[in-house]
Structure formats: structure tokens, C-alpha cells
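Please work through the two exercises below with the sequence and the model at hand, and compare each solution with your own.

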There are 2 protein chains.
Amino acid sequence: MERIIECVPNFSEGRRKEVIERIAQAIAEVKGVQVLDIESDPDHNRSVITFVGSPEAVEEAAFRSIKTASQLIDMDKHRGEHPRIGAADVVPFVPIRGVTMEDCIALAHQLGERVGRELGIPVYLYGEAAIKPERRDLAYIRRGEYEGLKETIATDPDRTPDFGPAKLGKAGATAIGARPPLIAFNVYLNTDDVEVAKKIARAIRHSSGGLRYVKALGLLVKGRAQVSMNLTDYRKTPIYRVMEMIRREASRYGVAVTSSEIIGLVPEEALLDAAIYYLQLDGFSYDQILERRLFPPLP
Amino acid sequence: MERIIECVPNFSEGRRKEVIERIAQAIAEVKGVQVLDIESDPDHNRSVITFVGSPEAVEEAAFRSIKTASQLIDMDKHRGEHPRIGAADVVPFVPIRGVTMEDCIALAHQLGERVGRELGIPVYLYGEAAIKPERRDLAYIRRGEYEGLKETIATDPDRTPDFGPAKLGKAGATAIGARPPLIAFNVYLNTDDVEVAKKIARAIRHSSGGLRYVKALGLLVKGRAQVSMNLTDYRKTPIYRVMEMIRREASRYGVAVTSSEIIGLVPEEALLDAAIYYLQLDGFSYDQILERRLFPPLP
């Protein structure tokens with residue numbers, strides 16, 4: 001069975017095209033790696049590159065991308081709406097096929113050690129790869145952002161990096177970790193009252209008492225109230241359960257869902273499981289899907 | 001782009017294992033053909049073999065399966081609950097990838113001609129491949145079954161075959177045709193009152209005023225009322241719309257759906273479209289499915 005890990009690094013550059021291209025090139029040059037997606041947001045001044053490959057190839061490509069970003073991005077000059085601590089801000093490994101979460105955690109530790117040693121960049125292990133429990137949460141690592149971290153990294157023991165020097169250069173610091181596949185899922189309501197979206201977001205998200213693997217915000221997008229979410233573990237908190245909870249909460253305000261959207265990529269299983277749930281398909285096996293018989297997974 | 005046609009012949013033998021195996025072997029021996037599934041029903045005394053391949057390979061394999069069945073099955077001795085007219089009872093071609101319905105129709109005509117000429121078996125073209133409009137419907141071709149057909153084939157012009165002699169041997173006749181992928185879909189209700197299932201079946205099926213591509217029966221299965229269906233064109237009458245109509249009709253009788261099941265194989269699209277419908281995923285593209293980026297369809 002082929003072993004495939006996904007890596008979805010975020011870089012603090014969403015405007016200078018040539019910088020984003022050079023980082024993507026550094027990734028694509030590694031044999032055995034396939035770049036699936038590049039998304040840049042000029043407002044956030046931030047780019048997300050999605051690539052996959054064998055564990056070894058993905059680690060090498062991630063290393064080169066961090067190195068390239070650290071050479072081309074000066075955090076002292078970076079401005080953008082999204083919280084960030086470094087040029088290569090966050091580098092997560094995601095198990096896709098033939099690998100476990102433990103494999104991804106091991107890879108994160110290995111890469112973190114190398115980045116700290118060879119590039120002199122402070123590294124914080126986060127998510128499933130966190131050694132200090134409070135660092136599981138990216139927001140905790142990012143508090144004060146690049147500017148705040150610069151002032152406290154040398155003196156505050158809470159901010160001592162897991163690898164690399166306790167000293168911040170112009171490339172800032174990098175959070176390296178492991179996590180399940182993430183789904184960016186937005187739901188639109190038939191109202192322009194953003195307060196309704198905010199109340200729904202508060203009801204469904206983990207941080208304020210809701211579902212364990214949901215992060216949510218209420219926003220106004222193109223004149224419509226939107227519940228904007230990250231589903232951080234679709235196997236444990238499935239997309240259909242989130243959707244049903246939003247519908248129920250919305251009806252409480254006399255409001256209905258008009259549509260939804262998935263931003264970027266989604267694991268096929270997340271959609272198939274929604275079909276199985278809504279169709280009440282007991283005892284269904286993925287083996288019954290015609291295409292899986294025609295094109296069995298690579299050996 | 002690879003050209004793939006599916007063929008799902010039904011044979012009038014569901015008890016003698018060695019007969020079913022020899023027919024399956026005759027199919028599998030053809031290069032470029034892949035047998036996906038074999039299902040035998042002893043009560044119906046009937047087997048369904050699903051296989052795929054290039055148009056040329058599939059036609060050759062279908063021919064050999066009809067020939068083998070005609071040598072091993074004696075319709076004068078066949079008993080079973082399911083209506084049937086021949087040893088190789090019905091042979092449909094289904095477009096899967098890189099082929100059109102017209103390709104499948106042409107293949108059905110070509111195979112029908114050959115079976116009539118080389119094997120001396122009467123052939124009726126049915127489904128999308130029918131030349132006589134009333135023969136689109138298998139039930140029309142099968143009326144009176146093997147025994148009734150035997151008495152009338154020579155004298156009743158309505159029963160003159162499209163190919164082959166107007167005379168029935170022990171192998172009976174064969175219906176050869178083309179159709180879209182078919183989904184065998186059953187829905188269970190929380191009642192043992194089969195009348196409710198029958199009323200729902202009448203409400204939703206095409207023949208009594210319901211949805212265009214639905215065939216349905218109300219049955220009692222393991223003590224539970226079941227709506228048993230064939231969805232004959234899931235693109236035009238999608239599975240989720242059928243499910244919602246059943247739920248609505250069931251609620252009319254104070255009854256609810258407890259579960260559903262798909263028998264055999266289902267095209268992936270039918271499930272993905274259900275997920276998109278229930279999640280209200282406007283603007284979703286199949287390209288957003290991670291696995292499709294990893295393993296793009298064969299060229």
C-alpha cells in the first residue's frame with residue numbers, strides 16, 4: 001500500500017506572486033511530491049499550499065519551503081489580518097493513506113528538530129504533535145503574534161520553543177504539527193442579520209460549549225449572514241451533524257439555510273458518510289461503489 | 001480516455017454452483033474483461049453476473065456467456081419465482097466511462113444479430129436498444145414467460161423476435177438491450193403492515209403515476225414493511241428525491257423510515273449527489289474531492 005501524507009503549510013505572503021511561486025517551486029522540485037493546490041489571500045497577506053507524497057518526500061519538501069520562505073519574507077515588514085508568528089507560519093502533516101497519525105507526529109518532530117538546527121528558526125510543536133499540552137492549540141502559540149513573541153521569547157519560559165533558538169529573526173517562528181484532514185465549511189442563511197450567524201456559531205463551536213471538532217465564526221458575506229467553520233476532525237464530528245445542528249439553531253430564529261460551500265479540498269469519505277446518513281443506508285460498504293471496483297486503490 | 005462498458009446478464013440458474021461458475025469462467029476468460037460481482041438467488045433460481053471492459057471485449061464475453069448458459073441450462077426443467085424467458089434471460093449493456101448510450105445500443109444490436117445467427121436463439125431488443133417501442137419494457141417481452149412464449153412465438157406476430165428463429169429451444173429466448181446504471185434500493189418502515197409499503201410503492205412508481213425512473217413494490221421482509229425499488233436512471237430521478245418522497249408518504253400513514261439498503265453496486269456519483277443535495281452544497285465541483293486529485297481518472 002502506497003504511503004501518502006498531505007502537508008498544508010501557510011506562508012505569510014499573499015500579495016507578491018513571485019515569492020509564492022518560488023516557494024511552490026521549492027516544493028514541486030522534490031521527487032515524489034505533487035502540489036495539489038495553491039491559494040493566496042491578499043487581505044490576509046497569506047498563502048496556503050497543499051501538497052502530497054511519501055513521508056520522506058513530504059518532509060524534504062516542507063523543509064525546503066520553510067527555508068525558501070525564511071529567505072524571501074521579512075516579518076518586520078509583514079502586515080495582514082490573519083494572526084501569524086513567522087514567514088512559514090504553520091506546517092501541518094495530515095495522514096491520508098497507509099500512514100497513521102503517529103507517523104505524522106514523528107515526521108513533525110523530525111522536521112522541527114532539523115528546522116531548528118539547520119535554519120536557526122524557533123519551532124513550536126502543535127496539534128497532535130504537541131509535547132506541551134497547551135501548545136495543541138495554535139491560537140495559544142500565536143498569542144501576541146510575531147511582534148509579541150519577539151519581545152517575550154527570550155525571557156518567558158512559556159514561550160521557549162521546542163526546537164531551535166529562543167531568539168526571533170526576521171523569519172519569525174514556525175509551528176509544526178500533525179492533524180486530521182480539515183474541512184473549511186461555510187453555511188449561508190436567508191438573513192442579513194449577522195447577529196443570528198454569530199449566535200449559531202457560538203452554539204455549535206467547541207470553545208463555547210458546542211461540538212468537539214468545530215471552530216465557528218458568524219460573518220456577513222456579500223450581504224448574507226454566514227456561519228464560517230473549520231471542521232477539524234470530520235470522522236468524530238461529521239459534517240452532516242454540524243449541518244443539522246445549524247438548521248435546528250437557525251429555525252430557533254425563524255431563519256433557514258439557503259446554501260453551503262466547501263472551500264478547497266474535502267476527503268471523499270466526508271461526503272459519502274453524509275449520503276449514508278441522510279439516506280439511512282444501514283450496512284452499506286464502500287466496496288459497493290462501482291468506481292472502487294473499477295479502479296481499486298493503488299497497491 | 002479508456003472506454004468502459006458494464007454488462008449485467010441474468011441467468012436462469014441460482015442453485016447449481018458449477019453451472020454458475022462455468023458461465024462466469026467463460027466471461028473471465030476474455031482478455032480485457034473484469035468480473036466485478038456474482039450474485040445467486042436460490043429462491044429465484046437465478047444469478048446475476050456483473051462485468052466490465054472495453055466494448056469489444058464485453059461483447060465477446062457476453063456472447064460466450066449466452067452460449068455457455070444455453071448449453072448448460074434446460075428451460076423445460078427450470079423452476080423459480082422470478083419471471084424469465086431463457087437460460088440467458090436478459091443481457092443489458094451500461095455505459096460507464098468514455099462511451100455513450102448510443103455505443104451500448106449499437107453493441108446490443110450487433111450481439112443480438114450474432115446470437116440469433118450463430119446460436120439459433122430468438123433475441124428481443126429491449127430498453128434503450130428496443131426497435132419496437134413496446135419492447136422497451138422487459139415485462140412486456142416476458143409476458144407468459146418461457147412456457148407461454150413457447151406456445152405463441154411461431155404464430156403471434158407480436159412475439160416475432162428481432163433476431164434469430166421464431167422457434168424456442170430448451171435455451172429459451174434472450175432479451176438484449178441497453179440501459180443507464182440501475183440502482184437496487186430498498187427502504188424499511190417501522191411497521192409490519194405491508195399495505196403501507198404497497199401504498200407508498202404505488203405513490204412513487206412511474207407505472208401508477210409517480211416518478212419517471214422508479215419501479216417499486218411493497219413487500220414484507222423479515223417482518224418489516226419494505227418499499228423495494230429499482231431506480232432506472234439515477235441522474236434524472238435521483239435517489240435523494242425518491243427518499244424524500246417516501247418519507248413524506250410514510251408520514252401520511254404515521255409511519256417512519258428506519259433504514260435503507262443498496263443491493264449490489266452503486267455509481268459513486270449517485271451518493272455524492274445525495275450529499276450535495278442534503279448539505280445544500282451550491283457550486284461544489286467533484287474536483288474538490290481530495291482523492292480525485294491523488295488518483296485522477298485513467299487517461
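**Exercise 1: a helix pair in chain B**

Determine how the axes of helix H1 (residues 17-28) of chain B and helix H2 (residues 55-72) of chain B are arranged, and which residues make the contact.

Solution. In this predicted model, the two axes come within 8 Å and cross at roughly 155° (axes are lines fitted to C-alpha atoms, for helices over the stretch in contact, and angles run from 0 to 180 degrees between N-to-C directions). H1(B) and H2(B) are therefore roughly antiparallel to each other, a term for angles over 145 degrees. The contact is made by B:Val19, B:Arg22, B:Ile23, B:Ala26 and B:Ile27 of H1(B), and on the side of H2(B) by B:Ala61, B:Arg64, B:Ser65, B:Thr68, B:Ala69 and B:Leu72, where contact requires C-beta atoms, placed from the backbone, to lie within 7 Å.

**Exercise 2: a sheet in chain A**

Solution. S9(A) pairs with strand S10 (residues 224-231) of chain A over eight bridges, in the antiparallel sense, and A:Ala216 stands opposite A:Met229 in S10(A).

**Conventions**

Residues are numbered from 1 along each chain as its sequence is written, while chains are lettered from A and ligands numbered from 1 in the order in which they are written. Because this is a predicted model, local features need pLDDT of at least 70 and side-chain atom pairs count only at pLDDT 80 or more, whereas totals for chains, interfaces and linings use all residues.

Conventions. Two strands pair if DSSP finds at least two bridges between them. Helices (H or I, at least four residues) and strands (E, at least two) are DSSP runs, numbered from the N terminus. Angles under 35 degrees count as roughly parallel, over 145 as roughly antiparallel, 65 to 115 as roughly perpendicular and the rest as oblique. Two residues are in contact if their C-beta atoms, placed from the backbone, lie within 7 Å.
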